[in-house]
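Subject: Structure handover

Hello,

Here is the structure for your files. My notes on what was found in it follow below.

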Amino acid sequence: LALDLLQRMLAFDSTKRCTVDDALQHPFLASIRRPQKEIVASEPVICDFDDAPMTTDELRDRFLKEVYVYHPEAYEVER
């Protein structure tokens, strides 16, 4: 079940990716989900990178920059 959820959430093509609601309703999360504690955003969350055409190298660079924010030590390993 976990792998199925991950595959749905991490689909490269944003049109094939599951929605937040779909993910929350996935059987894998059934035992831990508490709908009464969930907060709904007042407006849609826009991820502008989904619509931007990128090469594989550009996408890789974006991912790495995000990793470096949380794990700066990874920068030294990459060099």
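Arg 8 is partly exposed, because its relative accessibility is 44%; the classes are buried for under 20% relative accessible area, exposed for over 50%, and partly exposed in between, with a 1.4 Å probe and protein chains only. This is a predicted model, in which local features need pLDDT of at least 70 and side-chain atom pairs count only at pLDDT 80 or more, while totals for chains, interfaces and linings use all residues. Residues are numbered from 1 along each chain as its sequence is written, and side-chain values use heavy atoms, with hydrogens and water left out.

Salt bridges

The search of the whole structure gave 2 salt bridges (a side-chain nitrogen of Lys or Arg within 4 Å of a carboxyl oxygen of Asp or Glu). One of them pairs Arg 8 with Asp 4, with 2.8 Å between the closest N and O atoms. Both residues belong to helix α1 (residues 2–9) and sit 4 residues apart, about one turn of the helix. Helices here are DSSP runs of H or I with at least four residues, numbered from the N terminus. Asp 4 has a relative accessible area of 29%, so Asp 4 is partly exposed.

Glu 38 forms a salt bridge with Arg 33, and the closest N and O atoms are 2.6 Å apart. Glu 38 is partly exposed at 31% relative accessible area, and Arg 33 is partly exposed at 24%.

His 26 lies in the loop between α2 (20–24) and α3, and is buried because its relative accessible area is 7%.

Leu 6 is in helix α1 and is partly exposed, at 43% relative accessibility.

Helix α3

Helix α3 (residues 56–70) has 15 residues and spans 22 Å from first C-alpha to last, close to the expected 21 Å; the expected span is 1.5 Å times one less than the number of residues. Its buried residues are Leu 59, Leu 64 and Tyr 68.

Regards

Note on methods
Helices (H or I, at least four residues) and strands (E, at least two) are DSSP runs, numbered from the N terminus.
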